[in-house]
Amino acid sequence: MFDDENINANANDMNDNLDDMLDADGSRLRNWLPTRLNDETYLSVSIDFDANNMYMRLVNKSPSPLSQFAIALNKNILGLGLASTPSFPASLEFGDNAEVAIPIKLDPQNVGNEDKTELQLALRTNLGNLFGTTRIPIEITTTDDGNIGQEGFTERFSRYTVSKTINVEASFIGNDKTLAQRKVFVVGKNTVNNCNVVYVSFGFSPTLIFLAELTQNGQNFTALVKAETNFLMELIEQNA
């Protein structure tokens, strides 16, 4: 399966420049994803995550100032919740925007709605309450349990019977550094039909280990994901 002699050195550098991009103030550029709201007439919301925070970008589309902001997260399959009360701006004028870092944590008491693949949230403003959905950031819950090595990968790859092929358009496989930061462990590489192939493992507990065969084809890549059960597979596909 693995052929170290055919490793393409460029695979290590894929997306390197993008992953290391910083804003003018030295902070990491955010990958803002628009949040779907039940009413989008007066407020626009975009969200990004890292391991410690949910970042929220607010844009006032109303001619009136917005204030009295507060947020709540519904129970979800990961148990993601607020770690402390976030600090919102006191007021947001028409056309203005604000970025808020919202501390988050994983708490078993927040586990619920396990049939939902999106994070449900409620946002209070002086003009009323808004309800919305955004992605559940599964990447912040991966653990070192996924570091099973090449032998562990090979054994599970032949044994696992659940698989799903995920096509990711206009995207490149992350370099080794980026994948490691997300606790996605590279166990081998190869070149097949002139395409770079990267074999990785990742996990969420000692008994919940996933494998993936990532194949770069031009500007797109395909992920063949294998697991012992279907649990979390749909959420992984949503976050690909």
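Trainee: Leaving aside neighbours within four places in sequence, which residues is Thr117 in contact with?

Mentor: Contact means heavy atoms within 4.5 Å, and by that rule, leaving aside its neighbours within four places in sequence, Thr117 is in contact with Ile136, Glu234, Leu235 and Gln238. This is a predicted model, in which local features need pLDDT of at least 70 and side-chain atom pairs count only at pLDDT 80 or more, while totals for chains, interfaces and linings use all residues. Residues are numbered from 1 along each chain as its sequence is written, and side-chain values use heavy atoms, with hydrogens and water left out.

Trainee: Is Thr117 buried or exposed?

Mentor: Buried means under 20% relative accessible area, exposed over 50%, and partly exposed in between (1.4 Å probe, protein chains only); Thr117 counts as buried because its relative accessibility is 19%.

Trainee: Which residues touch the most other members of the largest nonpolar core?

Mentor: In soluble globular proteins, nonpolar side chains tend to be buried together. A nonpolar core is a set of buried Ala, Val, Leu, Ile, Met, Phe, Trp, Tyr and Cys residues joined through side-chain atoms within 4.5 Å. The largest has 51 residues, of which Leu43, Met54, Met56, Leu58, Phe88, Leu123 and Phe210 touch the most other members. Apart from it lies another core of nine residues, including Phe153 and Tyr199.

Trainee: In which sense do S10 and strand S11 pair?

Mentor: Strands of a sheet pair through backbone hydrogen bonds, either parallel or antiparallel. Two strands pair if DSSP finds at least two bridges between them; S10 and strand S11 (residues 128–135) pair in the antiparallel sense over eight bridges, and the bridge partner of Glu118 in S11 is Arg135.

Terms used
Helices (H or I, at least four residues) and strands (E, at least two) are DSSP runs, numbered from the N terminus.
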